[in-house]
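Me: I have a new structure to get through and would like a plain walk-through. Can we start with what sits around the ligands?

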Amino acid sequence: MMNILITGGAGFIGSHTYVVLQENGYNPIIVDNFSNSSEKVITNLETICGKPVTYVKADVNDPATYDQLFTTYQIDGIIHFAASKAVGESVANPLKYYRNNVASTVLLLEKMQQYGVNNLVFSSSCTVYGQPDELPVTENSPVQEAVSPYGNTKQICEEIIRDTVQANATLKAISLRYFNPIGSHKSALIGELPLGPPANLIPFLTQSVAGLRGPLQVWGTDYPTADGTAIRDYIHVMDLAHAHVKALSHVLGRNNTAYYDFFNIGTGEGSSVYQVIQAFEKATHKKVAYEVRDRRPGDITAVYAATEKSNNILGWKAEISLEEALKDAWAWQEALL
Ligand code: NAD
Ligand code: WQD
């Protein structure tokens, strides 16, 4: 059984990936400092998986963390989720993001080389595309100048990994460019934890419907789209988790020569904010009260993924519908109440 280290594995995407790794016969090991998650996630993962969870509470910016992990466990592969991800916060406090997202990735790569760990999957983001010139956006689309320090950290980390692979005969790595992850595990025991005010549409929407907030604010109805609201590619977090297992097995299955590639992980479907609201109301029979506001600075009009590359090379395709994802997001919200 292969040991897979999941940095940030108690987080939204990492916890769901933990479940799918287990289901696929891997032995996942979590390292997390719980700066944006709760240790209750560990208990809930044990309930979902029906077995103890191996985890280490530690900071991935501390070299001793990896010295402990790599001398305690024979690590076969790593999925690097640990990062800070609030776009707005990154503008106010860029150095926190360059340290926590970029420096931690440099340290991870150094420790992988020191301990002979050669397989890596990295959490990147469609934010690297900015506003693409053509849609759906393919992996050949140019990476555009980042509109936030957060987005810049993802671009920089991709380049650091690429360059390290080029200088290292045996390192194999994949960057996954996620679009907009939503939803939760069917058990509603894990999901996107609302630590602090949510930054994203779906937690805002579900907290509003749950009465925890006022009406949802629709940021911008003057975009050049069919209904005037912005378009995104909303992917169920379980589909995203399966993509990680496919990417990991692809990396592990290659011969031990240098390899780097990157893949869009989205559904290939674009949905506007109004379409999300309509889909949520249809899926849950709940009414979404909303108010129209000006655009959020820095937001792009539309982005959704071309998925042929991940379909054909990773053998992965999103399978869960927007309505199903919104139903799961609501079930998670209700479980939190
Ligand atoms: P999350 O905040 O839920 O999970 C990140 C986890 O990493 C948290 O549990 C946090 O405690 C942990 N962590 C952060 N810094 C750490 C450190 N220094 N040491 C140890 N643990 C640390 O975020 P998420 O939504 O699960 O995102 C996971 C990854 O995917 C991130 O790299 C994020 O940038 C990327 N991503 C997220 C989205 C999204 O919309 N959620 C989209 C694209 C990419
Ligand atoms: C989606 C749409 C908003 C909230 C962000 C990060 C990206 C990635 C995913 C980490 C937009 C609109 C939102 C609200 C609204 N994260 N909206 N009212 O901005 O596409 O991407 O999360 O990697 O890097 O930028 O996602 O959910 O914030 O917004 O109208 O209360 O919903 O304007 O059009 P976004 P989002």
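Me: How do the residues of the shell around ligand 1 divide into nonpolar, polar and charged?
Reply: The shell has 13 nonpolar, 11 polar and four charged residues. Ala, Val, Leu, Ile, Met, Phe, Trp, Tyr, Cys and Pro count as nonpolar, Asp, Glu, Lys and Arg as charged, and the others, Gly among them, as polar. Note that this is a predicted model, where local features need pLDDT of at least 70, side-chain atom pairs count only at pLDDT 80 or more, and totals for chains, interfaces and linings use all residues. Residues are numbered from 1 along each chain as its sequence is written, chains are lettered from A and ligands numbered from 1 in the order in which they are written, and side-chain values use heavy atoms, with hydrogens and water left out.

Me: Which residues come nearest to ligand 1?
Reply: Asp32, Asn36, Ser37, Asn100 and Tyr150, out of 28 residues around ligand 1. A residue is near a molecule or strand if one of its heavy atoms lies within 4 Å of it.

Me: What about polar contacts there?
Reply: A polar contact is a pair of N or O atoms within 3.5 Å; within protein, one must be able to donate a hydrogen and the other to accept it, and residues adjacent in sequence count only if both atoms are side-chain atoms. A side-chain N or O atom of asparagine 36 is 2.7 Å from an oxygen atom of ligand 1. For asparagine 100, a polar side-chain atom lies 2.8 Å from a nitrogen atom of the ligand.

Me: How much of ligand 1 does the protein cover?
Reply: 95% of the 820 Å² of accessible area that ligand 1 has on its own, by the Shrake-Rupley method with a 1.4 Å probe; for residues, only the protein chains shown count as cover.

Me: Which element gives the largest share of that shell?
Reply: S5, with three residues. Helices (H or I, at least four residues) and strands (E, at least two) are DSSP runs, numbered from the N terminus.

Me: OK, on to ligand 2. Which residues come nearest?
Reply: Of 19 residues around ligand 2, they are Tyr150, Leu201, Gln217, Arg232 and Asp299. An oxygen atom of ligand 2 is 2.4 Å from a side-chain N or O atom of tyrosine 150. Another pair has an oxygen atom of ligand 2 at 2.6 Å from an N or O atom in the side chain of arginine 232. The protein buries 89% of the 690 Å² that ligand 2 exposes when taken alone.

Me: And which element gives the most to its shell?
Reply: S8, with four residues.

Me: Switching to the sheet. What is the strand order?
Reply: S3-S2-S1-S4-S5-S6-S11, an open sheet of seven strands with parallel pairing. Two strands pair if DSSP finds at least two bridges between them.

Me: Why is one side of S3 and S11 left without a neighbour?
Reply: Strands S3 (54-57) and S11 (259-265) stand at the edges and each has a single partner strand, so one side of each has no neighbour in the sheet.

Me: How many bridges join S4 to S5?
Reply: Three, and the two strands run parallel. Histidine 80 has phenylalanine 122 in S5 as its bridge partner.

Me: Last topic, the backbone. Which peptide bond is cis?
Reply: The one from leucine 135 to proline 136, with omega near -5 degrees. Proline 136 is in the loop between S5 and H6. Alanine 188 has a positive phi, near 60 degrees, and lies in the loop between strand S7 (180-182) and H7. Most residues other than glycine have a negative phi, and most peptide bonds are trans.
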